[in-house]
Amino acid sequence: MLNGEKLTLGLESTCDETGAAIVAGKTQLLANVVATSMDEYARYGGIIPEIASRAHLESFLPVVSKALDEAGVKLADIDQIGVSAGPGLIGSLAVGIAGAKALAVATGKPLYGVNHVIGHLAVDQLVNGDLDLPAVGLVVSGGHTNLLLITDFAAPDGIRELGGTLDDASGEAFDKVGRVLGLPYPGGPHVDRMSREGNLGAIDFPRGLAGAKYAKTHPYDFSFSGLKTAVARYVSQLEATPEVRNRPDFTEDFVPAREGKPWLPVADICRGFSESVNDSLVSKTMRALTDFEAKTLVVGGGYSANSRLREWLTEECTSAGVTLRIPPLKFCTDNGAQIAAITAEIAGSIDPSRPDFSPVSALELTRVIV
Ligand code: KG4
Ligand code: ZN
């Protein structure tokens, strides 16, 4: 307890970030410590689960100790513990859950195995206060692109999945396009940066699941794989031309660089691609807000760092009279605060997880706790 408020320890190990955070009450963040193994994957071009699991094992206790120090509390002061139980990489989740179970047994405090993705939305409450519900939630993380309707985080049917991507997540599509264009890994932030230098309309790419045909069958779903293929085709057609192949700097073994492959119109491709992805995200999100008469939009996940998405949603929400809630960037990527936030939100209304719970790699977004 701290000044009569319950202390929640939130533990995160879904993917490549090991996080621990401490929250007093439902909204007061006392500490938030994150270690990442992201740098180890640049040379592989993707996360290697075994490396990530080992990194969690190395970082878990140091990260928890640091969070306790920063908050100025002892482990015995913690009232409840939350840990990511999914969705995510099984090995990574297992390390965090094993650590969390050990802490729960040692302290005798209740343990909640919570939904990492819902944490991406709940974390906004630590910064901007209680959310006005019902709210539409747009989850745009490395692995997810989903629209949710939230009426109550803790009620059995309080979270409804309206739709989601049928193939790639938006961040994943950005990473893949980054690779095709010769940008460093992960490509998302680089494609975003380059897109700001490109010209709108220079290259148009198709929108997935758009138009009247899909308005009935997939009103809130996304698809980015056709778009990704269209970009790859555009690039390979250009790279098959003699103008490009005869350039002195052309090579099949290009090493990723900040500006990407010099023989491609990288900025214009990024602009056209980004416009297509964000057009889908914004138009379907705004439709969900209208259809369900929600006046609050909360956005979470690493892709919410995307500059065009932020700008576009700000414009649309302002004109629609919708309150837009996007947490600051440091809370958008994986962290313990998101887990502490969702745990603190539900702990008063839901029983702790059973002692034998284990990670669920494809945990449904409507299940807030395992
Ligand atoms: O939520 P997150 O940190 O990881 C998961 O929990 O899965 O999301 C990471 C994803 C990556 O695909 C990354 O490239 C993308 O978000 N991303 C971006 C930007 N910043 C991060 N994509 C586009 N524009 C950005 N500015
Ligand atoms: Zn995440």
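Phe174, Phe273 and Tyr303 form one aromatic cluster. The model is predicted, so that local features need pLDDT of at least 70 and side-chain atom pairs count only at pLDDT 80 or more, while totals for chains, interfaces and linings use all residues. Residues are numbered from 1 along each chain as its sequence is written, and side-chain values use heavy atoms, without hydrogens and water.

Rings of Phe, Tyr and Trp (its six-membered ring) pair if their centres lie within 6.5 Å; planes under 30 degrees apart count as stacked, over 60 as edge-to-face and the rest as tilted.

| Pair | Centre distance | Plane angle | Class |
|---|---|---|---|
| Phe174 and Tyr303 | 5.1 Å | 70 degrees | edge-to-face |
| Phe222 and Phe224 | 6.1 Å | 10 degrees | stacked |

Phe174 lies in helix H5 and Tyr303 in the loop between strand E9 (296-300) and helix H11 (307-320), 129 residues apart. Helices (H or I, at least four residues) and strands (E, at least two) are DSSP runs, numbered from the N terminus. Phe174 is buried (under 20% relative accessible area, with a 1.4 Å probe and protein chains only), at a value of 1%; Tyr303 is also buried, at 7%.

The axes (lines fitted to C-alpha atoms, for helices over the stretch in contact, with angles from 0 to 180 degrees between N-to-C directions) of H5 (residues 170-180) and H10 (residues 266-291) come within 11 Å and cross at roughly 175 degrees. H5 is therefore roughly antiparallel to H10, a term for angles over 145 degrees. In H10, 21 of the 26 residues are buried.

Methods:
Chains are lettered from A and ligands numbered from 1 in the order in which they are written. Angles under 35 degrees count as roughly parallel, over 145 as roughly antiparallel, 65 to 115 as roughly perpendicular and the rest as oblique. Buried means under 20% relative accessible area, exposed over 50%, partly exposed in between (1.4 Å probe, protein chains only).
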